[in-house]
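Visitor: I have just opened this one and would like a walk through it. Could you take me around, one topic at a time?

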Amino acid sequence: TAGHLARDLHRYLAGEPIHARPVSFGERAVKWSRRRPAVAAMIGLGTLTMLLALAAGIWHTVTLQRALDDANLMRYRANLASEQAAQMKRLAEQREQQARTLLYNADIQLAHQALKNDHVSQAIDLLQRYQPHEASLDRRDFSWHYLWHQSHADIDSLQAHDAPIY
């Protein structure tokens, strides 16, 4: 009707939405912001501020997550290096014990050879290396005691008798 057309013309001139053709959301927002520019500017500025704060928060979170991932990777590598160092230490200790055992066996063999060749003082020197000290492990076994006894056999002889003892 002519009245509806007149009302739509007044609305159009006032910057309000008309009823003849439905206005989209964007057009309504533009018309509303033309009617209230201060409120629209405040809403736009608030929205922009929130978006910037959200972007800054996301950037900060991503940066912190990367730093945390790097720290976790370094901690993992440090733990791995520590475990490898502990394993290498255990292996070195085992090899040191093996070397000490081999050295002991070699010295026992040398002491035995020295006694066979009547080099008693050399045998005693070799055997004395294995006298236990306060903090050392006593490695002596039957062979050490046997050779020690053999190297001191003349000390254990009976000096008080001139004749053989039966």
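Visitor: At what angle do helix α2 and α3 pack?

Guide: Bearing in mind that this is a predicted model, helix α2, which covers residues 25-35, packs with α3 at an angle of about 120 degrees, and their axes are 5 Å apart. Since angles of 65 to 115 degrees count as roughly perpendicular and those over 145 as roughly antiparallel, α2 is therefore oblique to α3.

Visitor: Which residues of α2 and α3 make the contact?

Guide: On the α2 side they are Trp-32, Ser-33, Arg-34 and Arg-35, while α3 brings Pro-37, Val-39, Ala-40 and Ile-43. Sorted by class, the contact of α2 with α3 has five nonpolar residues, one polar residue and two charged residues.

Visitor: Changing topic, which residues are in the largest nonpolar core?

Guide: That core has eleven residues, namely Tyr-104, Ile-108, Ala-111, Ala-114, Leu-115, Ala-123, Leu-126, Leu-127, Tyr-130, Trp-144 and Leu-147. At least two residues of this core come from each of α3 (37-116), α4 (120-128) and α5 (142-151), and α3 gives the most, with five residues.

Visitor: Pick one of them for me: what does Ile-108 touch?

Guide: Leaving aside residues up to four places away in sequence, Ile-108 touches Leu-127, Ser-143, Trp-144 and Leu-147.

Visitor: Now the charged pairs. How many salt bridges does the structure hold?

Guide: The structure holds four salt bridges, and one of them joins Asp-107 and Arg-129, whose side chains meet at 3.3 Å, N to O. Asp-107 lies in helix α3 and Arg-129 in the loop between α4 and α5, so this pair ties together parts that are 22 residues apart in sequence.

Visitor: And is Asp-107 buried or exposed?

Guide: Asp-107 counts as buried, because its relative accessibility is 5% and the cut-off for buried is under 20%. Arg-129, on the other hand, is exposed, with a relative accessible area of 53%.

Visitor: What about Asp-8, which residue does it form a salt bridge with?

Guide: Asp-8 forms a salt bridge with Arg-11, and the closest N and O atoms are 3.6 Å apart. Both are in helix α1 (residues 2-14), and because they are three residues apart there, about one helical turn separates them. Asp-8 counts as buried at 10% relative accessibility, whereas Arg-11 is partly exposed, with a relative accessible area of 24%.

Visitor: How many residues apart are Arg-100 and Glu-96?

Guide: They are four residues apart in helix α3, about one turn of the helix, and their side chains meet in a salt bridge at 2.8 Å, N to O. Arg-100 is partly exposed, with a relative accessible area of 43%, and Glu-96 is partly exposed too, with 37%.

Visitor: One last thing: what is the phi of Asp-118?

Guide: Asp-118 has a positive phi of about 60 degrees, although it is not a glycine. In general, most residues other than glycine have a negative phi.

Visitor: Where is the place of Asp-118, and is it buried or exposed?

Guide: Asp-118 is in the loop between α3 and α4, and at 65% relative accessibility it counts as exposed.

Technical notes: Residues are numbered from 1 along each chain as its sequence is written. This is a predicted model: local features need pLDDT of at least 70, side-chain atom pairs count only at pLDDT 80 or more; totals for chains, interfaces and linings use all residues. Side-chain values use heavy atoms; hydrogens and water are left out. A nonpolar core is a set of buried Ala, Val, Leu, Ile, Met, Phe, Trp, Tyr and Cys residues joined through side-chain atoms within 4.5 Å. Buried means under 20% relative accessible area, exposed over 50%, partly exposed in between (1.4 Å probe, protein chains only). Contact means heavy atoms within 4.5 Å. Axes are lines fitted to C-alpha atoms, for helices over the stretch in contact, and angles run from 0 to 180 degrees between N-to-C directions. Angles under 35 degrees count as roughly parallel, over 145 as roughly antiparallel, 65 to 115 as roughly perpendicular and the rest as oblique. Ala, Val, Leu, Ile, Met, Phe, Trp, Tyr, Cys and Pro count as nonpolar, Asp, Glu, Lys and Arg as charged, and the others, Gly among them, as polar.
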